[in-house]
Amino acid sequence: MPLRLKTYILLFIPFFLLFYSEGMALGSLTVSQLWKMPLIGAIIYYLFQYRKKATPSWSQAYYWLAVKNLLNAGLFQNIMGNIQEGMRFLFLPLLYNFFANTALLKTVRKIILVIAQYFILTNIPFLLGMKPLKSGLDYGELVAYSGIFQNQHAMSTIMSICIVIVLHFMKHEWISGRWSKLYNMLLIILASYCMYMGFARTGWLMCLLGVFIIFIPKDLSVKQWIGIATMSCCLLGGFVYMMNTNKTFYNRIVGIDSRTNKKISLSSGRDVFIRNAWDLYCSGNTLELVFGKSMDELKDYEKEKTGMRIYAHNGFANMLATNGALGILFMFICGITLLAFVYQCRDCPSYRLALTMWIMNVSFQLTQGGHIFHVDILYALAYCILQMEFEKDNK
């Protein structure tokens, strides 16, 4: 247990209440906006006043990408919408810089493990009968589980990252003691079950990629090999069992609409959403090709074409349509500079975790797109740990 049991339990209560209430509306704003906007302001103020470490290039690139979201065709039509979209890109670099300038390595390791455990624990009240504020998609025979999060894709994505973090700590034996190891194994099982109940293939793919990278066969002990083989057999056996006994699971895997029993594309319409985003981008004038349309225009166009006011379900297509060639350029710069930052620290204990986070994010952008605050917290902490380990090794 990273904290004393009493403290661990007491801190979980406000943690749960805060994230549970995020979707509630207070006037024209949600609870999420009411606490995250002041958080951004407080962190910016702190970093301007007390920053001791230089801001890495990948973090600077994310700041510029956030600013770029203000400068598109929606600047004069819906400036508040542009500001909200830009804010989504601020949390990752701001949280990274805040922790890098305020905490010690041991403390940051505790924080990321506790947050990952807490996110998994938030599922317990719902599995015991508590009603979520938002439900997942209806697949006919059941409604996909979303838990405390906005939708099943967010839940599945967050659970996959939490599983990888716990496994990383167990691999490096930073979790010690028989009962502590058992507790964390039970959390992994709980998170896996919730991912299954969410029926979101985005999270399943991210989890498989993450576990593979964390345990790339290189320096594993015989004990770890046995554990991996056992876990793989259990997962394979469970997958075969579910394919043969659970119709909804089978339909979700092979791409059959449970409500109509008709075959649909494995992409669940993502190819159509992406093509619509491309068509919208190509219809722009010269300025719009460079600076992009806006998220509102993209959602309106998708609604016109599909009947659903959604984004393209692909981060790169979203960026191209809403921020143009300049936006996609900034997005690639962010990814490349962040990968270079991670690779620079390849001899550090948390290199695999940071690399996993980077690859999982690419996977998420390809299959879903967007930014999730809960995920950005975990990403920021992982990159912060990597930087602190690098500094410690190079003193």
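Predicted model: local features only at pLDDT ≥ 70, side-chain atom pairs only at ≥ 80, totals over all residues.
Good morning. A residue is called buried when its relative accessible area is under 20%, exposed when the area is over 50%, and partly exposed in between, with a 1.4 Å probe and protein chains only as cover. By that rule Glu-85, at 15% relative accessibility, is buried.

Residues are numbered from 1 along each chain as its sequence is written, and side-chain values use heavy atoms, with hydrogens and water left out.

Let me begin with charged pairs. Side chains of opposite charge can pair when their charged atoms come close. A salt bridge is defined here as a side-chain nitrogen of Lys or Arg within 4 Å of a carboxyl oxygen of Asp or Glu. How many salt bridges does a search of the whole structure find? The search finds seven.

One of them joins Arg-88 to Glu-85, the residue with which I opened, at 3.4 Å from N to O. Arg-88 is partly exposed, at 38% relative accessibility, whereas Glu-85 is buried.

Another salt bridge pairs Glu-391 with Lys-53, at 3.1 Å from N to O. This pair links distant parts of the chain, since the two residues are 338 residues apart. Glu-391 belongs to helix α18, residues 373–393, and Lys-53 to the loop between α2 (31–50) and α3.

Asn-72 sits in the loop between α3 and α4 (79–87), and with a relative accessible area of 9% it is buried.

Which residues make the nonpolar surface patch of about 560 Å²? They are Trp-64, Val-67, Leu-71, Leu-287, Val-290 and Phe-291. Patches are made of residues with over 30% relative accessible area and no salt bridge, where like charges are joined within 9 Å and nonpolar side chains (Val, Leu, Ile, Met, Phe, Trp, Tyr) within 5 Å. The areas come from the Shrake-Rupley method with a 1.4 Å probe, and for residues only the protein chains shown count as cover.

Two helices, α3 (57–68) and α14 (286–291), each supply at least two residues of this patch. The largest share, three residues, comes from α14. Val-290 is found in that helix, α14, and is partly exposed at 35% relative accessibility.

Next, the packing of helices. Axes are lines fitted to C-alpha atoms, for helices over the stretch in contact, and angles run from 0 to 180 degrees between N-to-C directions. The axes of α6 (residues 105–121) and α18 come within 9 Å and cross at roughly 155 degrees. Therefore α6 is roughly antiparallel to α18. Angles under 35 degrees count as roughly parallel, over 145 as roughly antiparallel, 65 to 115 as roughly perpendicular, and the rest as oblique.

Helix α6 also packs with α8, at an angle of about 135 degrees and with the axes 9 Å apart. That makes α6 oblique to α8.

Finally, two backbone details. Glu-173 is not a glycine, yet it has a positive phi of about 60 degrees. Glu-173 lies in the loop between α8 (152–171) and α9 (178–198) and is exposed, at 61% relative accessibility. His-313, likewise not a glycine, has a positive phi of about 60 degrees. His-313 lies in the loop between α15 (295–306) and α16 (315–344), but is buried, at 14%.

Thank you for your attention.

Technical notes: Helix = DSSP H or I, 4+ residues; strand = E, 2+ residues; numbered from the N terminus.
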